[in-house]
Amino acid sequence: MSTWLDLIKEKIPEARVLTELSDRYSYSFDASFGEYLPEAVVQVKHKEEVVSVLKIANEYQIPVYPRGQGTCLSGGPLPVFGGIVLDISQWPEKIELSSDDLTVTVAPSVLTGDINKEAEKHGLMYAPDPSSAHVATIGGNLAENSGGPRGLKYGVTKDHVLGLEVVTPEGEIVRTGGKTIKNVTGYDLTKLIVGSEGTLGVITEATLKLMPKPRAFQTLMVSFGEVRKAGEAISKTLTSGILPSKMEFMDQACIQAVENFKPAGLPVNAAAIVIIELDGHPETLKIERNLVEEIMEKVGATNIVVPKSEEEAEKIWHARKQVSPAIAKIKSTKVSEDATVPRSKIPDLIDHLQEIKEKHKVEIVVFGHAGDGNLHPNVLCDKRDQEEMKRVELAVEEIFEAAIDLGGTLSGEHGIGTMKAPFLESEIGEVGVDMMKRIKETWDPNGIMNPGKIFTEKGQKLVLRNE
């Protein structure tokens, strides 16, 4: 009798069914923590191949783990129970843009940054801009509902998805939504799929919303002598009626790390900086810039830098993008979290982070999209030091607790995956988790789609060590 692997090889060219140990190991990890070896890797290139794989996997009850480029920070594509890693990164790229309709239809393998590049050729913009856009696939961004700096003004991925083509766990093709801006036909399955982290099906095509690219941009870099003042300045700006496209925060440790890594002229003596981008009509920006400067000065800014050219502005934003590689030079391991709180609670969260840092004797640097309350506390450590990693685990748990206690959420854009699964119930409650599980069981009765994510076994805890 044929095994499930033999049946898959009958449907997929053998060169794209990887079973060698070295190949399987390459797919055993992502950008988070943990390593799990799949039994096979299947590289699919069109929806009919996805249908074939899922029908076989469902019949034999083999776990399937969709994967893009593996940039996930929450463990989304990790093959926790072995089975099949379904690699969509080899899928032929497709970007079909309709400028009149302000839409674009894309294959799941397209890099998110390439969608925006194509849109810009037509004077348009695809707004979601996660930091990994130049290397991450849109399929992965859809699965995780990724955000980015522009999320403050334009929202996250789900706010720009009009329709999807999805292969269900049972190998059926379903289309959700459509190509129109308004669509209230039945349940909103599109938004259910976006952010479901590959637990409900495999996205094989997406129709996304575009918008005209703003005519002008204005950057400001504001320094503060106190971190709390920076938080107050963010709240004051957002309640003034001005809505920047970006409001990014960097604490002193981040500033100094960037200057040590690739000097950019950042103010190393500042306790924190807030980098702001305004976009819109040039005349409007002149007024808004003056108003923002007034707010910053009243709150207690120590210095305000207004770039005189696009090159100067780009230098500031490039420095912000250097934070992750810069802090990675401080210690060999970083645990990157994305706790999100109401904007007014940013100063309180920062105070909590300082207390956690001192209590557990760990190094924490903070940056992120402060305009929407989405901070990125990064715990710097060395995963080879088991005693240190134990303290890091405790610190990360308390970061999550602090965010929830302040009325926030476990994740603003990274997803739940394996990393945050043990804390899901603390945010949405037992009934909330049960409702999610019931949806999952209905869509995926044999439980083959990305098992081990979002939901946990009883007693499961966050583990960052190899025990």
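## Salt bridges and surface spots

Arg16 is tucked away here: it's buried, with a relative accessible area of 14%. Keep in mind that this is a predicted model. Arg16 also has a charged partner, Glu49, and the two form a salt bridge whose closest N and O atoms are 2.9 Å apart. Arg16 lies in the loop between helix H1 (4-11) and strand S1 (17-18) while Glu49 is in helix H3 (residues 47-60), so the pair ties together parts that are 33 residues apart in sequence.

**Salt bridges**

- The count comes to 23 salt bridges.
- Glu49, the partner of Arg16, is buried too, at 5% relative accessible area.
- Lys47 and Glu165 meet through their side chains at 3.0 Å, N to O. Lys47 belongs to helix H3 and Glu165 to strand S8 (residues 161-167), so this pair ties together parts 118 residues apart in sequence.
- Lys47 is partly exposed at 26% relative accessibility, whereas Glu165 is buried at 3%.
- Asp351 and Arg228 form another salt bridge, with the closest N and O atoms 2.4 Å apart. Asp351 sits in helix H13 (residues 346-360) and Arg228 in helix H8 (residues 227-238), 123 residues apart.
- Shared partners join Lys47, Lys94, Glu165, Arg175 and Glu205 into one salt-bridge network.

**Rings and the surface**

- Lys246 has its charged end over the ring of Trp317, 4.6 Å from the ring's centre.
- Leu21, Tyr25, Phe29 and Leu37 make a nonpolar surface patch of about 370 Å².
- Phe29 is in the loop between helix H2 (21-26) and strand S2 (40-43), and is partly exposed at 33% relative accessibility.

**A buried glutamate**

- Glu293, in helix H10 (residues 282-299), is buried at 17% relative accessible area.
- Leaving out residues up to four places away in sequence, Glu293 touches Leu220, Ile304 and Val306.

Technical notes: Residues are numbered from 1 along each chain as its sequence is written. This is a predicted model: local features need pLDDT of at least 70, side-chain atom pairs count only at pLDDT 80 or more; totals for chains, interfaces and linings use all residues. Side-chain values use heavy atoms; hydrogens and water are left out. Patches are made of residues with over 30% relative accessible area and no salt bridge: like charges are joined within 9 Å, nonpolar side chains (Val, Leu, Ile, Met, Phe, Trp, Tyr) within 5 Å. Accessible areas come from the Shrake-Rupley method with a 1.4 Å probe; for residues, only the protein chains shown count as cover. A salt bridge is a side-chain nitrogen of Lys or Arg within 4 Å of a carboxyl oxygen of Asp or Glu. Helices (H or I, at least four residues) and strands (E, at least two) are DSSP runs, numbered from the N terminus. Buried means under 20% relative accessible area, exposed over 50%, partly exposed in between (1.4 Å probe, protein chains only). Contact means heavy atoms within 4.5 Å. A charge sits over a ring if NZ of Lys or CZ of Arg is within 6 Å of the ring centre and within 35 degrees of the ring normal.
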